[in-house]
Amino acid sequence: MKKFLIVGLGNIGAEYSNTRHNIGFKIVDFFAKKEGIPFQTAKLGDLAVCKIKGRSVFLLKPNTYMNLSGKAVKYWLEKENIPKENLLIITDDLNLSFGTLRIKAKGSDGGHNGLKNIQLLLNTTEYARFRFGISDQFKKGQQVDYVLGEWDEEEKTKLPERYEISAAVIHSFILAGLPNTMNDFNGK
């Protein structure tokens, strides 16, 4: 049976819940809700498990904080014997305009500390990543406040549609594979 690990990156704690940096958590939360599966506290994070057309899907929200996300990713890949090609990391991206989706098979960490730690612990840059654009609409020196800030009102009105498309990306990755998912959703 094929197994998949879908990881939403974010920071634990109420103060981070609705921040731009937590879009990975929000997307896997939305997907789990659509599938009708609850998250349970597990080792190194919250985990929700479901079956989709004969495939086992593990949704993970690491509780290690963003900068140490690799520890949880590595643990669950190894524990469940999931191949790296069935790993999808969902994260925010300052270099993309709000709501823009970019799915890639490999690449650099782009300065993202969560991706940096995952690369370090997996010892590879070859894993799928799903970047959700949060834009870079902040003044010089204000990046941390912006990333850890909450969505503005206009963004909040657009998020529900973006969550629906993001859930479709996850379904496509699991059922149609990475190349088809990139063709169908990049830039949407």
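1. Two rings of Phe, Tyr or Trp, the last taken by its six-membered ring, are treated as a pair if their centres lie within 6.5 Å. With that cut-off in hand, ring pairs join F98, F132 and W151 into a cluster in this model, which is predicted.

2. F132 counts as buried because its relative accessibility is 0%.

3. F98 also pairs with W151, again edge-to-face, here with centres 5.5 Å apart and an angle of 70° between the planes. As F98 lies in the loop between β5 and β6, and W151 in the loop between α4 (143-147) and α5 (153-175), this pair ties together parts of the chain that are 53 residues apart in sequence. Both F98 and W151 are buried.

4. Turning to the sheet, seven strands make up an open arrangement with mixed pairing, and their order across it is β2-β3-β4-β1-β5-β7-β6. Its edges are formed by β2 (40-42) and β6 (101-104), each of which pairs on one side only. On average, and with direction ignored, neighbouring strands of this sheet are turned by 25° against each other.

5. Within the sheet, strand β1 (residues 3-8) and strand β4 (residues 55-62) run parallel and are joined by five bridges. For a reader who wishes to find this pairing in the model, I6 stands opposite L59 in β4. Helix α6 (residues 178-185) packs on the sheet, where this helix touches β6 and β7 (128-133), and the direction of α6 makes about 155° with that of β6.

6. R20 lies over the face of Y146, at 4.0 Å from the ring centre. In the other case, the charged end of K61 sits over the ring of F25, with 5.7 Å to the centre of that ring.

Definitions and conventions. Residues numbered from 1 in each chain as written. Predicted model: local features only at pLDDT ≥ 70, side-chain atom pairs only at ≥ 80, totals over all residues. Heavy atoms only, no water. Pairing = 2+ DSSP bridges. Helix = DSSP H or I, 4+ residues; strand = E, 2+ residues; numbered from the N terminus. Axes fitted to C-alpha atoms, helices over the stretch in contact; angles between N-to-C directions. Contact = heavy atoms within 4.5 Å. Buried < 20%, exposed > 50% of the residue type's maximum accessible area, 1.4 Å probe, protein only. Phe/Tyr/Trp six-rings, centres within 6.5 Å; stacked < 30°, edge-to-face > 60°. Lys NZ or Arg CZ within 6 Å of the ring centre and 35° of its normal.
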